[in-house]
Structure formats: structure tokens, C-alpha cells
Amino acid sequence: MRVSFCQGLLTGAIVLNLLILYYVSRAQQQMMEKRRDPGRGSRKAALPASGLGGGLVGVGGGMVGPGGVGGEGNSRGPRVTVLLREFEDFENYVGDVARSFLHQRPELPFLAVSDTPPYPPLSLPEGARLLVLSPSPEQPPQAHRPEFHVQTEFVLLVPDGVELEQGRAVERLIRELEGEGGGPVRLVAAPVLARSAVQCLHLRVSLREWTATYTPAASGSSGSVCTALQGDAVVLIRSEDLFNLSVPLGRPLLPSLFIQTSLHGWKVKLLESPCFSASHRPLFSSAHNQWKADSHLKEATSRLMRNFGLKRLLLADGKEQWHGCGKETARCFGTVRDDTPEYLYLDRWTPPCCLRALRETTKYVINILESSGVRYWLEGGSLLGAARHQDIIPWDYDVDLGIYLEDVPNCDYLKNLDSGSLVDANGYVWERAVEGDFYRVQYSEANHLHVDLWPFYPRNGVMTKDTWMEHKQDVEFPEHFLQPLVPMPFAGVTAYSPNNHRAFLELKFGEGVIENPQYPNPAKKRLDRSRL
């Protein structure tokens, strides 16, 4: 059997790739073993410097490997890497921070981390390095991954402008973290300047509800244990824990860190002392630079929340931050297929910003119907939500109201819709639905969250209509359910509903529907009731 030149070349390429994969995986394994046992042998880089130099800049712009400069501080080697993640290109004190730490502890690796190369370039002292996270096409992937450049057991996350006055402060943090053993406390923090500058918070993250909730935590005499911090603090974490997070060095750093650690069930212990010094406070010398920094923080926060799928933040002071859709933006989900919105496949419910828009639209439409003399009632899933929650069902994506067809001429917004849609003075869009003979009121021209108005008329004592959808609840019903209509709390307002809502719902959905919630199309996605 003869082997052609092309076959031989292909075989050689395959063998070469397998060798590369073998050595990379072996290097990663060695790196993790050194993190778990930092005292074993001398400290070496996990990979050859030539394979990692692309992402690191040393003194004077020279490239250095992940082992860093100033490596051996004692027989065991340094146990902690000092890492500064957040600073502004236009005004920062990264060089001063590095000099402060390296003056007290010259053996500690110091790593400044930036998304892109800073401009103007940083002026770093000997022993400090810069890691740029954005990839470059000519460099290997590990060049820009921080876990390849931290060879110590711990990482000390420090803010810009902080100073190390006593080298023993680092050992105090390490002792505190080691003293917690394998318990839930996986981070230890110390305040900058004063304990009062940092607030210990409890953080509850509900990905299903797209929401993070912060509440104040109580302080203790030996320190506070909580799940998040707000303010100026230095944080110590094991390297293995840090790099087991999905986004270990996201920005803003502390919100990104604590959202992830709280989902792991980890806690942080905030010590009363030591307090780290900071001569550069405030960080910015002009109101303009402060405004730029605040703008960057707002942009970074919005980007982080979007990436983490968090639409609503409930802050410890009672304020709210929204990072989802609004009147001027599209809704958070696309066209719904098979009665199953895309977020249900992600094991999430309706985003809170969408629910807020639906509530606003419902209140607005109900006010207009009532003032126009149009009789209406809660229909379908909206009535079901009122019976269960006095609100919209947490996974629903629209609101349904039934109306008397004969009352349509009473409403100026409805009676002329045959000639096209109407955008009213408040930006709501009134239109005749393209799917059939019913009406739709959208939150705005950009945001298509909506309330559907279904026109019914009586025939021989039975309420019927001209357009039927392929929903089992879309059936005729006796008019006596509407004689009289009765008030019922719904979505923050008092709406009208059928006079025997349980019998009405069981006629449409089946017996026990109020007590047995289920997603609209269980054949596509079924609700796990054990998680309710």
C-alpha cells in the first residue's frame, strides 16, 4: 500500500495537533496541582513563557511569562497574587498601588488587568505586570486568560488608589480565610480607610425572576458575614474559587463577583480591621473625570446585568435599577411560538420589566374602557392570574380582556380602527389584530407587549364571537356569568370579572385549574411544580 504525499502530510498534522493538546492539558493539570499545594517544590510557570508572553507586559513594555517578576519570597514561594482590576485609563494610580505593595512585600506578584491596552500606557514598577484580556489573533488563547497567569493559592483583589502600610495585613486576611475551613465563608474582606466605608449586605439572586435583591446585614463584634459588599474594600479569595466562576473578573468587579458567589451559596466575611490606607480619595481630580468614571460605571453595570440576565435590581436603600425593556425599546423576547415564550425554555419566567409594561398598559386600557362606557371583564389566563395571584401569571406574556361588541362604538380609540392603527397621545398603539376579529393595544410602537380585547356578543343567552383561536379555553359561555360583573383585584388595579370566576375558569380550563398551575403548552414545556 502506497501512501501519497497529501496523506502523509495530513497524518503528520493530526499527530502534531494531538501532541499540542497533550502538552497544554498536562500544563493545566500541573498548574492546578501547584495551586492546591503551593509549598511543593519551587514555583515555576505553568506553561513556557514563550507560549504566554503575548498578554503580559512587564517593566518598560517587555514581555514576561506568567511566573512573573520577583517570584521567590521564601522557601514556599508567595501565596497570594495582588490583582487590580478596575481603573480608568484617563486618571489612575495603578503604579502607586503597585509600588506600595511591592515596597512592603516585594515577593508578591502584582497583576493589573485591563480589557484593552490602557492609553496612555501604565507606568508600572519592576515586579508588576499588565494582563490584557482582549484576545489578539496572533497569540495563543491562554495568553489572555487570567487563570494561566496566577500561580498562587490566593488572589487579593484591590481597588485603585489603595496602599499597603503593613505587610502583615495580608497574612491576617489569609489566616482569617484559612480559619473558616471548608465552610460557606469563601471570601474575606477588609475595609479601605474606615469600616464605615463598607456596607455588608445580603444578596438574593433569582435568575428565574431576572432579579437581584440587596438587603442590609447586621454587624458583629468580630466581623460581619454576608453575601455582598458595597463600598471600598480589599477582598481575598482562593484562586481556585475565583477561576471556577463563569466570569471571574467581570466589571464592575464586586457586583459581578458577589452575584456569582451568592449563586454558589458562598459568603464573605468583612473584618473590622485591618483597614487599608488610601491617600488618593477621591480618585478623580476633576468633576469632569468623575462624570466620565460614573458614566463608564453605569455602562459597565448595564452590560454586566444584560450578560447575567438580570433585569431588575432592588437596592438596600429601597431604590430600584432597571436593565430591561422600556417604552423606547423592544420587548425582551421575540415572537411566541406554540404558546411557549423563549424564556420558559431557559427555566425563567416573564422578565419583570415586561410585567411592569403589561401592568401599565392594563391600567391604561381599563381606565379608557371604563370612562368610555365599554363593559369588559378579565378573560382566560388573565382571570386565572387574578384568581391565583391578584396579578398577571408570572410566566404570561399578554393580558386578555373580553368586551361587549355592541359597546365598541362608545370608545373613540376602537370605533375607527378599520381604517388602520392609532397611536394615542401617550404613545400606546391601538389596532385591529391581524390574527382575527379582535383588538390589540400595544405598550408603544417599539415595544409590542400588549393587551388583547376580545369582542363578544350574546346569542340566545350564550356569549359568542366571530374569531376563535386554537386554545381549549376559547369557548362560548353563558351570559349569566356577566350579569352582573364583579370587581376583582388585578395587576395593581380593581378590574371587572365574571361573577363566579371559579366556575367560569373551570368551564374554560377544566376542574381544579386554579390550584394546579401549568405552562400554556405542557407538550413543549412543562412546569416543575416542586420549584414553586
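Rings of Phe, Tyr and Trp (its six-membered ring) count as a pair if their centres lie within 6.5 Å. The legends below refer to a predicted model.

**Figure 1. A cluster of aromatic rings.** Trp 377, Tyr 404, Phe 456, Phe 477, Phe 481 and Phe 504 are joined into a cluster by ring pairs. The structure has 17 aromatic pairs.

**Figure 2. The ring pair of Phe 90 and Phe 284.** A pair of aromatic rings is described by the distance of the centres and the angle of the planes. For Phe 90 and Phe 284 the centres are 6.0 Å apart and the planes stand at 35°, so this pair is tilted. The two residues lie 194 apart and link distant parts of the chain. Phe 90 belongs to the loop between strand E2 (80-84) and helix H3 (94-104), and Phe 284 to the loop between E12 and H7. Phe 90 is partly exposed at 27% relative accessibility, whereas Phe 284 is buried at 15%.

**Figure 3. The ring pair of Trp 395 and Tyr 519.** Here the ring centres are 5.2 Å apart and the planes make an angle of 80°, so the pair is edge-to-face. Trp 395 is in the loop between helix H9 (380-389) and strand E16 (399-404), and Tyr 519 is in the segment after helix H11 (501-509).

**Figure 4. Charged ends over aromatic rings.** The charged end of Lys 327 sits over the ring of Tyr 428, at 3.4 Å from the ring centre. In another example, the charged end of Arg 356 sits over the ring of Trp 322, with 3.9 Å to the centre.

**Figure 5. The salt bridge of Arg 186 and Asp 241.** The closest N and O atoms of Arg 186 and Asp 241 are 3.1 Å apart. Arg 186 is in strand E6 (residues 185-191) and Asp 241 in helix H5 (residues 239-242); the pair links distant parts of the chain, 55 residues apart. Arg 186 is partly exposed, its relative accessible area being 22%. Asp 241 has a relative accessible area of 7% and is buried.

**Figure 6. The salt bridge of Glu 272 and Arg 195.** The side chains meet with an N to O distance of 3.4 Å. Glu 272 lies in the loop between strand E12 (267-270) and helix H7 (287-308), while Arg 195 lies in the loop between E6 and strand E7 (198-206). The positions are 77 residues apart, and the pair links distant parts of the chain. Glu 272 counts as partly exposed at 30% relative accessibility. Arg 195, at 17%, counts as buried, because the cut-off for a buried residue is under 20%.

**Figure 7. The salt bridge of Lys 415 and Asp 412.** This bridge has an N to O distance of 3.1 Å. Both residues are in helix H10 (residues 412-415), and because they are 3 residues apart, about one helical turn separates them. Lys 415 is partly exposed at 40% relative accessible area, and Asp 412 is exposed at 53%.

**Figure 8. A salt-bridge network.** Salt bridges link Arg 172, Glu 176, Glu 180 and Lys 269 in a network. The structure holds 29 salt bridges.

**Figure 9. The chain as a whole.** The chain has 11 helices and 24 strands. Of its 532 residues, 49% are buried.

Terms used. Residues numbered from 1 in each chain as written. Predicted model: local features only at pLDDT ≥ 70, side-chain atom pairs only at ≥ 80, totals over all residues. Heavy atoms only, no water. Salt bridge = Lys/Arg side-chain N within 4 Å of Asp/Glu carboxyl O. Helix = DSSP H or I, 4+ residues; strand = E, 2+ residues; numbered from the N terminus. Buried < 20%, exposed > 50% of the residue type's maximum accessible area, 1.4 Å probe, protein only. Phe/Tyr/Trp six-rings, centres within 6.5 Å; stacked < 30°, edge-to-face > 60°. Lys NZ or Arg CZ within 6 Å of the ring centre and 35° of its normal.
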